[in-house]
Amino acid sequence: MTTTTPEEVRRVACIGAGVIGGGWVAHFLARGYDVTAWDPAPDAESKLRRLVEAAWPALTQLGLADGASQDRLTVTATLEEAVADAQFVQESAPEKLELKRDLLAELDAATPAGVVIASSTSGYPMTDMQTTAATPGRLVVGHPFNPPYLIPLVEVVGGERTDAEAVAWASRFYDVAGKSVITMKSEVPGFIANRLQEALWREALHMVANGEATVQEIDDSITEGPGLRWAFMGPMLTFALAGGEGGMAHMLDHFGPSLKSPWTRLEAPELDKKLYDAVVAGCDEEADGRTIADLVAERDQGVIDVLRATGRLNGGTK
Ligand SMILES: NC(=O)C1=CN([C@@H]2O[C@H](COP(=O)(O)OP(=O)(O)OC[C@H]3O[C@@H](n4cnc5c(N)ncnc54)[C@H](O)[C@@H]3O)[C@@H](O)[C@H]2O)C=CC1
Ligand SMILES: C[N+](C)(C)CC(=O)CC(=O)[O-]
């Protein structure tokens, strides 16, 4: 394993620089790291620099680390150059299993020995992605949330061939780099939070497909309802309070039987053209003329306001 401690890391490589890779770049720059990035798309560098520029006001409000600067970003012409001096690598390429397998093997071959390589995958178990890498022991999942420069959580888990030391190193590194880490004990597809989100998302799609709720109503039902509680208290403790002084035990006695009620469908609906079009049109209608850039700025300010209101703005020093 690497002899560099998580605290000593100064240079990070980000491979794949789209929504998530770009978000990681912004996060690491704001935390004062030198960042190298590589992405095969011809317009990747201009898109990446625009994303970082757009994120910077939010990051400045959060508090930049000493020396943090967009000038510390180097976009390289090749993957090999990006990882040559890296002390940590974050892969954020498209969610395609074969592509991830090949790319992780390529990164493993090019990255200095012992350096931990993390994948941003939203749901593939590392066991399925590390099959062709020569040294799979250093490959871990580090699953972020959009945008990685504002949402603290990262879920860390290894595969069957990952060294426990690499998982511990990655968890500590993310912690030092300002993330809130859940180190998972075992691989479960979708990890923890995406399994929860996907259950909600499947139900939402069923309701749109069946004409039971509009896109706007689904969004309002969360932002005006449970979403307000979830920003600071998860679904378990929130429901414990539904049991009054009896807490979760009374909640289970009282509402346990409704678990058997037909409140969920669980299977995903068919994403046919009608449903696809209804969801896209519903979002356009809800956006009501706001562009994606407007919505990103609104979301960023919203997350900062929630973090501030709940006492979780933790400054920007490494
Ligand atoms: N979009 C989201 O909300 C989240 C996505 N993720 C995960 O992050 C990863 C990236 O997703 P997004 O950023 O949303 O996708 P994206 O489509 O925005 O970006 C992917 C980038 O990878 C580049 N790319 C294509 N082939 C590549 C290769 N062979 N090597 C390196 N880069 C390559 C593309 O040019 C593009 O810039 C996926 O694994 C996804 O599941 C994780 C958390 C949230
Ligand atoms: C939509 N998504 C599955 C890619 C979302 C994530 O993986 C996490 C997030 O940002 O919500």
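Analyst: Helix axes are lines fitted to C-alpha atoms over the stretch in contact, and the angle between two of them runs from 0 to 180 degrees between N-to-C directions. The model discussed here is predicted.

User: What makes H8 and H12 a packed pair, and at what angle do they pack?

Analyst: Helix H8 (residues 215-223) and helix H12 (residues 273-287) have axes 8 Å apart, at an angle of about 65°. Val215, Gln216 and Asp219 of H8 make the contact with Val279, Gly282, Cys283, Glu285 and Glu286 of H12. These count as contacts because the C-beta cut-off is 7 Å.

User: What is the make-up of the contact of H8 with H12 by class?

Analyst: The contact comprises three nonpolar, two polar and three charged residues. Gly282 of H12 is part of the contact, and glycine counts as polar under the classes used.

User: How do you know that the reach of H7 is close to the one expected?

Analyst: Helix H7 (residues 193-209) has 17 residues. The expected span is 1.5 Å times one less than the number of residues. Just after H7, Gly211 takes a positive phi of about 70°.

User: Which residues are said to surround ligand 2, and why?

Analyst: Ser122, Phe145, Asn146, Asn194 and Gln197 surround ligand 2. They qualify because the C-beta atom of such a residue must lie within 6 Å of the ligand. By class, this shell has one nonpolar, four polar and no charged residues.

User: What makes H1 stand out in the shell around ligand 1?

Analyst: H1 gives the most to that shell, with three residues. Helix H1 (19-30) and helix H4 (97-110) each supply at least two. Of the 23 residues around ligand 1, Gly16, Gly18, Ile20, Ala41 and Ser122 come nearest. The shell holds 12 nonpolar, nine polar and two charged residues.

User: Where do the domains of the protein chain lie, and what separates their centres?

Analyst: Domain 1 covers 6-183 and domain 2 covers 193-287. Their centres, taken over C-alpha atoms, are 31 Å apart.

Definitions and conventions. Residues numbered from 1 in each chain as written. Chains lettered and ligands numbered in written order. Predicted model: local features only at pLDDT ≥ 70, side-chain atom pairs only at ≥ 80, totals over all residues. Domains from an automatic or database assignment. Helix = DSSP H or I, 4+ residues; strand = E, 2+ residues; numbered from the N terminus. Contact = placed C-beta atoms within 7 Å.
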